[in-house]
Amino acid sequence: MTQNSLLITFEGGEGSGKTTQSQILYNALKEKGFDVTKTREPGGTKFAEIIREILVQGESNKINNISELFLFAAARADHVQKVIKESLKDNKIVICDRFIDSTLAYQGYAGRLDLDLVEEVNKISIGEIYPDLTFILDIDPTQGIERALGENNKETRFEEKDIIYHEKIRDGYMKIARNNPNRCVVINGTNDIERISKKILELTLNKINE
Ligand code: TMP
């Protein structure tokens, strides 16, 4: 099958269902015969996965916002160079669970770092590699955090931040969606899994056929 490269990102607050949905989309596209790479942030390379451990585990206030910003950027630059860029070069569809909008929503809107600074650092870490399509899964943070903490993992550093931080993330994502209407689609994360995945597949196929 001939296909053009595409970078699809999944975004959203804690427990919004983006990891589940990115996996379902990956399976559906593979089944249709597309060449797809699935990856995540922070992570996706050996080096970035080590940074991930520092960022997502432990006490919620252990790192200040600016250090956090640079750690995410360092992980992202490695991931973009080694995985995303190479896959796009091979005309693959890349599905990435979180990307630059997470930094803008978490470190920018919620962490109160200057938004222009965050955008500049994002730009440095990705170069020209911007997403073509972004699904933002939206959920009430109280409900989302309950879901996420029920998953029984040790990666709870962000989940443990206060509810106001998570509300700012949600508002931030809505602003990002409004500012980038050509690539961002907001999806109600409380709808049932099948309904959401059908919608996401439909929109992805439309994008592929554009
Ligand atoms: P995950 O829970 O989706 O695996 O993501 C790990 C955590 O890292 C999540 O709480 C969101 C946070 N994060 C940021 O704060 N900034 C970023 O740029 C990224 C990629 C993730």
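Helices and strands here are DSSP runs, numbered from the N terminus, a helix having at least four residues and a strand at least two. Please keep in mind throughout that this is a predicted model.

I shall begin with helix H1, which spans residues 18-31 and includes Glu31. Glu31 has a relative accessibility of 72% and therefore counts as exposed, the threshold being over 50%. The C-alpha atom of Glu31 lies 30 Å from that of Glu128, a residue 97 positions away along the chain.

H1 also has a helical partner, H8, which covers residues 193-208. The two axes come within 10 Å and cross at roughly 55°. That angle makes H1 oblique to H8, and the crossing is right-handed. On the H1 side, the contact is made by Thr20, Gln21, Ile24, Leu25, Ala28 and Leu29. H8 contributes Ile193, Ile196, Ser197, Ile200, Leu201, Thr204, Leu205 and Ile208. Sorted by class, this contact has ten nonpolar residues, four polar residues and no charged ones.

From there I turn to strand S2, where Val36 is located. Is Val36 buried or exposed? With a relative accessibility of 6%, Val36 counts as buried. Setting aside residues up to four places away in sequence, Val36 touches Tyr26, Leu29, Lys30, Ile93 and Ile95. Ala105 is 69 residues from Val36 in sequence, and their C-alpha atoms are 27 Å apart.

As background, most residues other than glycine have a negative phi, and most peptide bonds are trans. The peptide bond from Glu41 to Pro42 is cis, with omega near -10°. Pro42 is found in the loop that runs between strand S2, residues 36-40, and helix H2, residues 46-56.

The other two points concern arginines on either side of helix H4. Arg98 lies in the loop between strand S3, residues 93-97, and H4, while Arg112 lies in the loop between H4 and helix H5. Phi is positive in Arg98, at about 75°, and in Arg112, where phi is near 65°. Which of these arginines is buried, and which is exposed? Arg98 is buried, at 12% relative accessible area. Arg112, by contrast, is exposed, at 66%.

H4 itself packs against two helices that I wish to describe, H5 and H7. With H5, the angle is about 150° and the axes are 10 Å apart. H4 is therefore roughly antiparallel to H5, since the angle is over 145 degrees. The crossing of H4 and H5 is right-handed. Ile100, Thr103, Leu104, Gly108 and Tyr109 of H4 meet Leu115, Val118, Glu119, Asn122 and Ile126 of H5. By class, this contact has six nonpolar, three polar and one charged residues.

With H7, residues 163-179, the axes come within 8 Å and cross at roughly 130°. H4 and H7 are therefore oblique to each other, and their crossing is right-handed. From H4, the residues in contact are Asp101, Ser102, Leu104, Ala105, Tyr106, Gln107, Tyr109 and Ala110. From H7, they are Tyr165, Lys168, Ile169, Gly172, Tyr173, Lys175, Ile176 and Asn179. Nine of the residues in the contact of H4 with H7 are nonpolar, four are polar and three are charged. Leu104 and Tyr109 take part in the contact with H5 and also in the contact with H7.

Two residues of that H4 and H7 contact, Gln107 and Tyr165, lead us to Glu68, which has both among its contacts. Glu68 lies in helix H3, residues 65-89. Glu68 is buried, with a relative accessible area of 0%. Beyond its neighbours within four places in sequence, Glu68 is also in contact with Leu55, Ile63, Arg157, Phe158 and Lys161.

Finally, I come to helix H6, residues 141-149. Which residues of H6 are buried? They are Pro141, Gly144, Ile145 and Ala148. These residues cover an arc of only 95° around the axis, and so they sit on the same side of H6. In general, an α-helix has 3.6 residues a turn, so residues three or four places apart point the same way. What covers the buried residues of H6 includes H7, the helix that also meets H4.

Terms used. Residues are numbered from 1 along each chain as its sequence is written. This is a predicted model: local features need pLDDT of at least 70, side-chain atom pairs count only at pLDDT 80 or more; totals for chains, interfaces and linings use all residues. Side-chain values use heavy atoms; hydrogens and water are left out. Axes are lines fitted to C-alpha atoms, for helices over the stretch in contact, and angles run from 0 to 180 degrees between N-to-C directions. Angles under 35 degrees count as roughly parallel, over 145 as roughly antiparallel, 65 to 115 as roughly perpendicular and the rest as oblique. A crossing is left-handed if the near helix is turned anticlockwise from the far one by less than a right angle, and right-handed if clockwise. Contact means heavy atoms within 4.5 Å. Ala, Val, Leu, Ile, Met, Phe, Trp, Tyr, Cys and Pro count as nonpolar, Asp, Glu, Lys and Arg as charged, and the others, Gly among them, as polar. Buried means under 20% relative accessible area, exposed over 50%, partly exposed in between (1.4 Å probe, protein chains only). The arc is that of the directions from the helix axis to the C-beta atoms.
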